[in-house]
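Hi everyone, thanks for coming. Let me put the sequence and the structure up on the screen, and then we can walk through the charged pairs together.

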Amino acid sequence: MLQSFVLIHEFIKGPYSHSPPTASLQSPDNQDPIRHELIPETILINLGFRVYSVTHPDELNLLIKQVDAVILWTEAVAVERWRKQVHSLRVIPIIWWCDSVTFPGHECKLDPGIDGFLGPSMNSLEIHCSLMISVNHYFQRTAWEQEREQLLSRLEERKWIDQAKRIISEMKRITEAEAYDLLRKQAMNDRKRIVDVATSIVTVYQLLQEENKGGRRK
């Protein structure tokens, strides 16, 4: 269960503070101050969570390893920028705090990297349930991203192997199936992965092609 958070916000004047005073907080359009009891930090601390407020990436760098998740209390247009900043430091659940200040209107187009939502109108049970859903979504999203990376890696390996097969097939005047057998045997003899052998063959072949082209230009 999530117990500690970095709260990233853009509605505070002055330096970093764990418990900002009401007077220092105001909406981005410089209208009425944000009521202290509706501040995410106040709500979450009252529920027993640990919250560290930051407004600058340098503060985030210091705290990111100490927490379970990040809460973005920012306007929707700033979400993607902060999400990238967070993920450049650590892959961690990211939750958006949605209230009258941050909600962008009727069209809510947020970055797909956001794992959940919280808001000031939620009671204790709703907040805990939303956090559980956010964690589940985070694990599902990261699992999908890992599967995607593995698939892309396999496709890239397949590309190198197919290129090597064609090169061997043309040079030795054999079928691509026979070329693959040679490639596999070479990998076994060298105790290397077949993709590593294939990459070496393609790289050397391309270098020779470039040298031949350069020689003809001369």
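There are 10 salt bridges in the structure, where a salt bridge is a side-chain nitrogen of Lys or Arg within 4 Å of a carboxyl oxygen of Asp or Glu. Before the examples, a word on what you are looking at: this is a predicted model, so local features need pLDDT of at least 70 and side-chain atom pairs count only at pLDDT 80 or more, while totals for chains, interfaces and linings use all residues. Residues are numbered from 1 along each chain as its sequence is written, and side-chain values use heavy atoms, with hydrogens and water left out.

Let me begin with Glu-80 and Lys-84, a salt bridge whose closest N and O atoms are 3.2 Å apart. They sit 4 residues apart in helix H3 (residues 76-89), so about one helical turn separates them. Helices here (H or I, at least four residues) and strands (E, at least two) are DSSP runs, numbered from the N terminus. Glu-80 is partly exposed at 39% relative accessibility, and Lys-84 is partly exposed too, at 48%. For the cut-offs, buried means under 20% relative accessible area, exposed over 50%, and partly exposed in between, with a 1.4 Å probe and protein chains only.

Helix H5 (residues 176-190) holds another pair, Arg-184 and Asp-181, 3 residues apart, again about one turn of the helix. Their side chains meet in a salt bridge at 3.6 Å, N to O. Arg-184 has a relative accessible area of 37%, which means partly exposed, and Asp-181 is partly exposed at 33%.

Now, how far apart in the chain are Asp-115 and Arg-141? Their side chains form a salt bridge at 2.7 Å, N to O. This pair links distant parts of the chain, 26 residues apart: Asp-115 is in the loop between strand E4 (94-97) and strand E5 (116-118), and Arg-141 is in helix H4 (residues 124-172). Asp-115 is buried, at 5% relative accessibility, and Arg-141 is buried at 9%. Glu-145 joins in as well, in a network of salt bridges with Asp-115 and Arg-141.

Arg-173, in the loop between H4 and H5, has a positive phi near 55° without being a glycine. Arg-191, in the loop between H5 and helix H6 (194-217), has a positive phi of about 55° and is not a glycine either. Are these arginines buried or exposed? Arg-173 is exposed at 77% relative accessible area, and Arg-191 is exposed at 80%.

Thanks, everyone, and over to you for discussion.
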